[in-house]
Every structure is written in C-alpha cells, then in structure tokens.
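Biologist: Got the model open here. Can you take me through it, one piece at a time?

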Amino acid sequence: MSSTPSGLLIYGLHSLSQVARNWLPSLSPSAIFGSLIEMANSPALHAVIFRIGEVICAAPAGIVREILPRLPATRIPGVPDAVEGLVNVRGSLLTVLDGHLLLEQSRQQADEGAIVVLDVKGRSYGLGVSQVLDFLEVPAGSVVERRDLPGLDPRLVKAVGLHADQHFILLDVDALFAPIIGA
C-alpha cells in the first residue's frame, strides 16, 4: 500500500489479492450478493472539490464538463466585475466568472488557478477558482443540509459535506450564477 501526493491510499495488486483470497471465501455467496445490492443502492454524492480563496467548495460532478488551466480572459466592457471575460476554448467562446468575487474571497499569490466548466441553465460557463483539489464520491450520510456559515451567503450553500476530516461546501451553482446570468 502506498499513498499519492493528495493522501489517497493505493493498494497494490498483492494486497488486494490477499484480501480477496482471505476474506471473500469466508463470506457466503448470499452475503456477497447482499453487500453488492447495498452498495449499488446507497446514495452518494459525486463532486469535484476545489478551493476559492480560503473556502473549500464542491460542485456536483454531473454539471462539471471539464477543468481547464487558467487562461487569459478578454474583458467585456460594461459587464459586472464578477465576469472575468471570454476565453477561447477550442474555437468556442466561454464566459468565465470569477469565483473569488462571487464568494467575496481574496486571491492568494501562490494560487495556480483553474477554470471549472459548468453547465448552468443549459449553457456552459467557466468558474475561475484558486485550485482544483479532487473528485470525490462521498456517502450521503456525510453530507448535511445547508447551514449558516460565517462570511458566506447561506443562499449560495446547498449542503455541507465532510470528507477525510475536512469540511467542504456544496455550492448552489444556480444561485451563485443568478445575479450575473439572470434567474
């Protein structure tokens, strides 16, 4: 067993084969079948985790289309400051919103920056973030309804989750983008 830079454990083939050889035969065939049904039916949140300033956020994986490196945006005159501008992605223009301004978080010098491309109301938009951290499958029991969080508008928080002893905020992306793109 070894770990990656993000702290995820990786099991080698040798240790997995030992688990299969030692543990699985001790289970009855119906126990294995029952556990598969339980796993298939247990709801889980699939999310892309990223950081905006000091806040760890998440977006449901179903609306995330891709993750891009920070690209220079062409500013559009007359739009709100939260709109970074337009970027050219493989010949298509993508409107990028600044997550730091939307969540009132300060940008740090060491931030590498990334653009998370999201489907919002049938269109693709980019969300400028400090850093993309991970893709997670979090059991539903580790996600609770939204709570008031200091310094964050509660209307932007869909839920609060916990993974590996670290809390994250599941953003209500529609509410976050609504002041810019309309309701």
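Biologist: Which strand is L118 in?

Modeller: L118 lies in strand β8; strands are DSSP runs of E of at least two residues, helices are runs of H or I of at least four residues, and both are numbered from the N terminus. This is a predicted model, where local features need pLDDT of at least 70 and side-chain atom pairs count only at pLDDT 80 or more, while totals for chains, interfaces and linings use all residues. Residues are numbered from 1 along each chain as its sequence is written, and side-chain values use heavy atoms, with hydrogens and water left out.

Biologist: L118, buried or exposed?

Modeller: L118 has a relative accessible area of 1%, so it is buried. Buried means under 20% relative accessible area, exposed means over 50%, and partly exposed is in between, with a 1.4 Å probe and protein chains only.

Biologist: What does L118 touch?

Modeller: Not counting residues up to four places away in sequence, L118 touches A59, I63, V64, R123, S124, Y125, L127, V173 and F177. A contact is heavy atoms within 4.5 Å. The C-alpha atoms of L118 and V173 are separated by 8.7 Å, and the two residues are 55 apart along the chain.

Biologist: F177 is on that list. Where is F177 found, and what is it in contact with?

Modeller: F177 is found in helix α4. F177 counts as buried, because its relative accessibility is 0%. Leaving aside neighbours within four places in sequence, F177 is in contact with L97, L118, V120, Y125, G126, L127 and G182.

Biologist: How does α4 lie relative to the strands?

Modeller: α4 lies across β6, β7 (92-98), β8 and β9, and runs at about 90° to β8. Axes are lines fitted to C-alpha atoms, for helices over the stretch in contact, and angles run from 0 to 180 degrees between N-to-C directions.

Biologist: And the sheet itself, what is the strand order?

Modeller: The order is β5-β8-β9-β7-β6, an open sheet of five strands with mixed pairing. Strands β5 (64-69) and β6 (83-89) stand at the edges with a single partner strand each, so one side of each has no neighbour in the sheet. The twist averages 30° from one strand to the next. Two strands pair if DSSP finds at least two bridges between them.

Biologist: How many bridges between β8 and β9?

Modeller: Seven bridges, in the antiparallel sense, between β8 (residues 114-120) and β9 (residues 123-129). One of the partners is G128 in β9, which bridges to I115.

Biologist: What about the loop between β8 and β9?

Modeller: K121 is found there. Its phi is near 55°, a positive value in a residue other than glycine. K121 is partly exposed, with a relative accessible area of 48%.

Biologist: And what is the phi of R90?

Modeller: Phi of R90 is near 50°, which is positive, and R90 is not a glycine. R90 lies in the loop between β6 and β7. R90 counts as exposed, at 67% relative accessibility.

Biologist: Switching to β12 and β13. How do they pair?

Modeller: Strand β12 (residues 157-163) and strand β13 (residues 166-171) pair in the antiparallel sense over six bridges. They form a hairpin with two residues between them, and A164 in the turn has a positive phi of about 55°. H163 stands opposite Q166 in β13, and A159 has L170 as its bridge partner in β13.

Biologist: Which residue of β13 stands opposite C57?

Modeller: That is I169. Strand β4 (residues 55-60) and β13 run parallel, joined by two bridges.

Biologist: New topic, pockets. What lines the second largest pocket?

Modeller: It is lined by 10 residues, of which L102, E104, D153, L156 and L176 lie nearest its centre. Helix α4 (residues 173-181) gives the largest share of the lining, three residues. The volume is about 180 Å³. A pocket here is an open set of points on a 1 Å grid over the protein atoms alone, where a 1.4 Å probe fits, with protein on both sides within 12 Å along at least five of seven lines; lining residues have an atom within 4 Å of a point. Grid points are joined across faces, edges and corners, and a volume is the space filled by probe spheres set on the points.
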